[in-house]
Amino acid sequence: MIVNHVQFDRFRNLKKGEISFCDGINVIYGENAQGKTNILEAIWLFTGARSFRGARESEIIAYENECAEIKMTFFAEKREQNAEIRFGKDKDAFLNGVKKGSPSKFGGVIKGVIFSPDHLSLIKSGPSERRSFIDIAITQLNPQYSSLLNRYNRAVTQRNSILKDIRFHSGLDEMLDAYEQQLALLGAKIVRYRKRYVELICQEVPKIFEGLSAGKERIEISYVSAAEDEEGLVKLLKESRKEDSLTATTSVGPHRDDIEVLINGRSARRFGSQGQQRSCVLMLKLCEAEILYKNGGEQPIILLDDVMSELDEQRQDYILNHLSGRQVFITCCDKNSIDRMRRGRSFEIKDGEIFADKEDECAQ
């Protein structure tokens with residue numbers, strides 16, 4: 001899909017106006033706190049997802065105003081379309097003039113992938129961040145996966161509740177057997193989904209990471225699980241009962257699994273430099289976009305917030321000049337980065353006002 005125009009009215013600090021984008025690389029640059037990320041946030045909200053900044057509705061509306069509005073015209077599903085979101089006492093969303101109630105209804109039409117500095121926690125933080133990344137990505141491909149996760153999490157909560165009381169009521173053993181069987185059945189399905197998605201990532205990794213690192217680094221990604229089938233999970237759950245009853249928690253299962261990322265055979269989390277870790281996250285996001293494309297038929301838009309920091313010139317060149325066939329939106333502070341961009345459009349932003357300063361050679 002391609003975003004053609006976006007209009008802003010009382011959205012954060014952005015001055016009322018419209019931006020026309022090209023179908024390739026679009027770079028928005030300027031000093032900090034001028035509004036660069038606000039532009040990406042506005043575009044991202046049209047995917048139906050929540051703000052990647054965790055913002056409340058009241059923070060989106062410009063200071064001393066009671067409402068805000070953003071509009072988008074875009075090309076998707078082989079036709080020109082338009083969307084609108086109104087923020088105020090209530091939030092309304094419209095697609096091609098038809099009221100949808102919530103922007104979440106845009107999700108099947110407007111697809112995107114976002115990178116922000118907060119996503120560095122994918123590598124830097126613990127396993128929960130990586131599980132969350134892969135679960136959200138799978139849900140975009142298979143919406144029913146969200147229901148499976150919810151059922152599994154409820155089963156974990158129920159097992160924990162029984163564990164809390166089992167020391168005082170020995171008759172709960174049979175009930176625990178039943179919940180563990182259900183937990184193992186659901187957990188094994190989750191593991192299969194996740195392993196398959198990691199396999200899809202691994203298919204995309206060579207061409208993407210080789211481009212980012214110029215072939216100087218080798219990356220490996222694997223799914224790490226204590227048990228990968230129903231029988232193995234039941235066995236582990238029974239073996240952990242005594243210890244789990246002391247804490248009333250379930251210590252084994254896919255809610256404790258991890259995705260391991262290695263660079264040249266070493267943990268990216270423990271040994272990777274800032275630039276390498278940023279490259280790994282960027283690579284995962286670009287893989288996510290490619291998987292969405294191959295399974296959905298249309299390229300998602302790619303939003304890269306403050307992506308250039310801590311990347312060397314070769315990696316910056318890859319982002320600016322080698323993501324052909326995709327529409328990409330990039331924010332950065334350093335105007336010098338744009339000098340290496342061979343095709344695309346750039347915009348400067350000052351105090352919420354946007355100025356187009358490079359509009360040649362936009363076509364892919």
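Three strands form an open sheet in the order S9-S10-S11, with antiparallel pairing, where strands are DSSP runs of E of at least two residues, helices are DSSP runs of H or I of at least four residues, and both are numbered from the N terminus; two strands are taken to pair if DSSP finds at least two bridges between them. The edge strands of this sheet are strand S9 (219-224) and strand S11 (266-267), each of which pairs on one side only. Strand S10 (residues 258-263) and S11 pair in the antiparallel sense over 2 bridges, and Ile-263 has Arg-266 in S11 as its bridge partner.

The model is predicted, so that local features need pLDDT of at least 70 and side-chain atom pairs count only at pLDDT 80 or more, whereas totals for chains, interfaces and linings use all residues. Residues are numbered from 1 along each chain as its sequence is written, and side-chain values use heavy atoms, with hydrogens and water left out.

The secondary structure of the protein comes to 11 helices and 15 strands. For 364 residues, a compact globule would have a radius of gyration near 21 Å, and the 23 Å of the protein agrees with this; the radius is taken over C-alpha atoms, and the globule rule is 2.2 Å times the number of residues to the power 0.38. The C-alpha trace spans about 75 × 55 × 35 Å along its principal axes. The accessible surface, computed by the Shrake-Rupley method with a 1.4 Å probe and, for residues, with only the protein chains shown counted as cover, comes to about 17,400 Å², of which 46% belongs to carbon and sulfur atoms. Buried residues make up 51% of the 364 residues, where buried means under 20% relative accessible area, exposed over 50%, and partly exposed in between (1.4 Å probe, protein chains only). Among contacts (heavy atoms within 4.5 Å) between residues at least 6 apart in sequence, 68% join residues at least 24 apart.

A second open sheet has 6 strands in the order S2-S1-S4-S5-S6-S7, with antiparallel pairing. Its edge strands, each pairing on one side only, are strand S2 (17-20) and strand S7 (98-99). Strand S1 (residues 2-9) and S4 pair in the antiparallel sense over 7 bridges, with Phe-8 having Ile-70 in S4 as its bridge partner. Strand S4 (residues 68-76) and S5 are in turn paired in the antiparallel sense over 9 bridges, in which Phe-75 stands opposite Glu-80 in S5 and Thr-73 opposite Asn-82 in S5. S4 and S5 form a hairpin with 2 residues between them, and Glu-77 in the turn has a positive phi of about 55°. The covered face of S4 holds Ala-68, Ile-70, Met-72, Phe-74 and Ala-76, while Glu-69, Lys-71, Thr-73 and Phe-75 lie on the uncovered one. Strand S5 (residues 79-87) and strand S6 (residues 92-95) run antiparallel and are joined by 4 bridges, with Ala-83 opposite Leu-95 in S6 and Glu-84 having Phe-94 in S6 as its bridge partner; a hairpin through 4 residues joins S5 to S6.

Leaving aside its neighbours within four places in sequence, Leu-304 is in contact with residues including Leu-40, Phe-115, Leu-282, Ile-319 and Ile-330.

Helix H5 (residues 144-166) has 23 residues and reaches 33 Å from its first C-alpha to its last, close to the 33 Å expected at 1.5 Å a residue, the expected span being 1.5 Å times one less than the number of residues. Its buried residues, including Tyr-145, Leu-148, Arg-159, Asn-160 and Ile-166, pack against helix H4 (127-141), H6, helix H7 (230-239) and helix H8 (241-247).

Gly-344 lies in the loop between strand S13 (328-332) and strand S14 (345-350), and counts as buried because its relative accessibility is 0%. Gly-344 and Gly-24 are 320 residues apart in sequence and 5.8 Å apart in space, C-alpha to C-alpha.
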